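Biologist: I'd like to go through this model with you and ask how each label was reached. Shall we take it step by step?

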Amino acid sequence: MAKLSKELPEDVLRLMHDYYAKLLSKYKDVVTVQEIVALTGYAKITINNWCNRGELKSFRKGQLFYIPKIFLIDFFCSLAFRSITRKSLWHIQTLNDFSREIKQKK
């Protein structure tokens, strides 16, 4: 399993941002909680909690949260997301893929 330190160098964070941006390129500019559930494997309540706590920047329309894709990418790169103890399979796979990509670039 990939182990990422809490503090990442600026160049690594930039590469991670680019990695997630490429991964999400087929998604619309604003995504729903349900789309994030389908993508990441995290529960709807978990994602709603991230939004409620302000960890994942979003806006509300009625009862639903909408998340601009750029904020989702920022969240995926954040310490809050990277330091989740019980990661989803998707989360583990993307961290491992990103680690492999970094090693190839060195």
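Modeller: Gladly, and please keep in mind that this is a predicted model. Let's start with Asp29, which has a relative accessible area of 63%.

Biologist: Why is Asp29 called exposed?

Modeller: The label exposed needs over 50% relative accessible area. Asp29 has 63%, so it counts as exposed. Asp29 sits in the loop between helix 1 and strand 1 (30-32).

Biologist: What makes Ile67, Pro68 and Lys69 contacts of Asp29?

Modeller: A contact requires heavy atoms within 4.5 Å. Leaving aside neighbours within four places in sequence, Asp29 is in contact with Ile67, Pro68 and Lys69. For Pro68, the separation from Asp29 is 39 residues in sequence, while the C-alpha atoms lie 5.8 Å apart.

Biologist: Thanks! Now to helix 1 (residues 10-23), where Met16 lies. Why is Met16 called buried?

Modeller: Buried means under 20% relative accessible area. Met16 has 0%, so it is buried. Met16 can also be placed relative to Trp90: they are 74 residues apart in sequence and 15 Å apart in space, C-alpha to C-alpha.

Biologist: How many salt bridges does a search of the whole structure find?

Modeller: The search finds 2 salt bridges. One of them joins the side chains of Glu55 and Arg53.

Biologist: What makes the pairing of Glu55 and Arg53 a salt bridge?

Modeller: The cut-off is a side-chain nitrogen of Lys or Arg within 4 Å of a carboxyl oxygen of Asp or Glu. For Glu55 and Arg53 the N to O distance is 2.9 Å, and because the limit is 4 Å, the pair qualifies.

Biologist: Why are Asp97 and Arg100 said to be separated by about one helical turn?

Modeller: Both belong to helix 6 (residues 89-105), and they are 3 residues apart there, so about one helical turn separates them.

Biologist: Let's go to Ala80 in helix 5 (residues 79-82). Why is Ala80 called partly exposed?

Modeller: Ala80 has a relative accessible area of 38%. Because this value falls between the 20% and 50% limits, Ala80 is partly exposed. Not counting residues up to four places away in sequence, Ala80 touches Glu55 and Phe75. Ala80 and Glu55 are 25 residues apart in sequence, with their C-alpha atoms 7.3 Å apart.

Biologist: Now the overall picture. What is the order of the elements from the N terminus on?

Modeller: The elements run α-β-α-α-β-β-α-α-α, and the secondary structure comes to 6 helices and 3 strands.

Biologist: What makes the protein chain as compact as a globular protein of that length?

Modeller: The radius of gyration is 14 Å, close to the 13 Å that the globule rule gives for 106 residues, so the chain is as compact as a globular protein of that length. Along the principal axes, the C-alpha atoms fill a box of roughly 45 × 25 × 20 Å.

Biologist: How much of the chain counts as buried?

Modeller: Of the 106 residues, 37% count as buried. The chain exposes about 6,800 Å², with carbon and sulfur atoms supplying 55% of that area.

How values were computed
Residues numbered from 1 in each chain as written. Predicted model: local features only at pLDDT ≥ 70, side-chain atom pairs only at ≥ 80, totals over all residues. Heavy atoms only, no water. Helix = DSSP H or I, 4+ residues; strand = E, 2+ residues; numbered from the N terminus. Rg over C-alpha atoms; globule rule 2.2 N^0.38 Å. Buried < 20%, exposed > 50% of the residue type's maximum accessible area, 1.4 Å probe, protein only. Areas by Shrake-Rupley, 256 points an atom, 1.4 Å probe, with all protein chains shown as cover.
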